[in-house]
Amino acid sequence: MTVQFVGARKMAQLNWEFRGTRYATDVLSFSGWDAPELATYLGDIVICPEAARKNSSHLARELRILVLHGMLHLVGYDHEADDGEMDRLEQRLRRRLGLQ
């Protein structure tokens, strides 16, 4: 898996290209499972620290939370379609990892 940090302009561009929305979100995940030749590659997480700063005054903690969130997406969770399953798991993992 890779984690890349990008500026707001690049994140807005990626968000538009892959999700059809015109703003810089805090995190995007791109699964590597679609590439059979990379069977052991989990995927990519792209984080925009500028957008992350808007969510928390503790940027370092927020970045760790976003990596966790991105990793859950990479292993197949989707909070937009799973009736809260991903959110519940993320909250349990945040408590276990001290990210509350």
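Okay, let's start with how the elements are named: helices are DSSP runs of H or I with at least four residues, strands are runs of E with at least two, and both are numbered from the N terminus. With that in hand, Leu89 sits in helix α4.

A word on what we're looking at. This is a predicted model, where local features need pLDDT of at least 70 and side-chain atom pairs count only at pLDDT 80 or more, while totals for chains, interfaces and linings use all residues. Residues are numbered from 1 along each chain as its sequence is written, and side-chain values use heavy atoms, with hydrogens and water left out.

Back to Leu89, then. Is Leu89 buried or exposed? Leu89 is buried, because its relative accessible area is 15%, and buried here means under 20%, exposed means over 50%, and partly exposed is whatever falls in between, with a 1.4 Å probe and protein chains only. If you want a distance to go with that, Leu89 and Ile65 are 24 residues apart in sequence, and their C-alpha atoms are 13 Å apart in space.

How many salt bridges does the structure hold? There are 2 of them, where a salt bridge is a side-chain nitrogen of Lys or Arg within 4 Å of a carboxyl oxygen of Asp or Glu.

One of these is the Glu90 and Arg94 pair, with 3.0 Å from N to O. Glu90 and Arg94 are 4 residues apart in helix α4, so about one helical turn separates them. And here's a detail to check on your screens: both Glu90 and Arg94 are buried.

Another salt bridge joins the side chains of Arg19 and Glu80, at 3.2 Å from N to O. Arg19 counts as partly exposed because its relative accessibility is 39%, whereas Glu80, at 58%, counts as exposed.

Now the surface patches. Which residues form the positive one? That would be Arg88, Arg92, Arg95 and Arg96. For the rules: patch residues have over 30% relative accessible area and no salt bridge, with like charges joined within 9 Å and nonpolar side chains (Val, Leu, Ile, Met, Phe, Trp, Tyr) within 5 Å. Lys and Arg count as positive, Asp and Glu as negative, and His and the chain ends are not counted. The charge itself is placed at NZ of Lys, CZ of Arg, CG of Asp or CD of Glu. Take Arg95 from that group: it lies in helix α4, residues 85–97, and with a relative accessible area of 52% it is exposed.

There's a nonpolar patch as well. Met1, Val3, Phe5 and Met71 make it, and it covers about 340 Å², with accessible areas coming from the Shrake-Rupley method with a 1.4 Å probe and, for residues, only the protein chains shown counting as cover. Val3 belongs to strand β1, residues 2–5, and is partly exposed at 33% relative accessible area.

Val6 is buried, with a relative accessible area of 10%. Val6 and Ala24 are 18 residues apart in sequence, and 9.9 Å apart in space, C-alpha to C-alpha.

Thr25 is in the loop between α1 (8–19) and β2 (27–31), and it counts as buried because its relative accessibility is 11%. What does the side chain of Thr25 make a polar contact with? The partner is the side chain of Asp26, at 3.5 Å. A polar contact is a pair of N or O atoms within 3.5 Å; within protein, one must be able to donate a hydrogen and the other to accept it, and residues adjacent in sequence count only if both atoms are side-chain atoms.

Over to α3, which holds Leu66. Leu66 is buried, with 3% relative accessible area, and its C-alpha is 9.3 Å from that of Val46, 20 residues away along the chain.

Last stop, the loop between α3 and α4, where we find Tyr77 and Asp83. Tyr77 counts as partly exposed at 26% relative accessibility, while Asp83 is exposed at 75%. Asp83 also has a positive phi of about 55°, although it is not a glycine.
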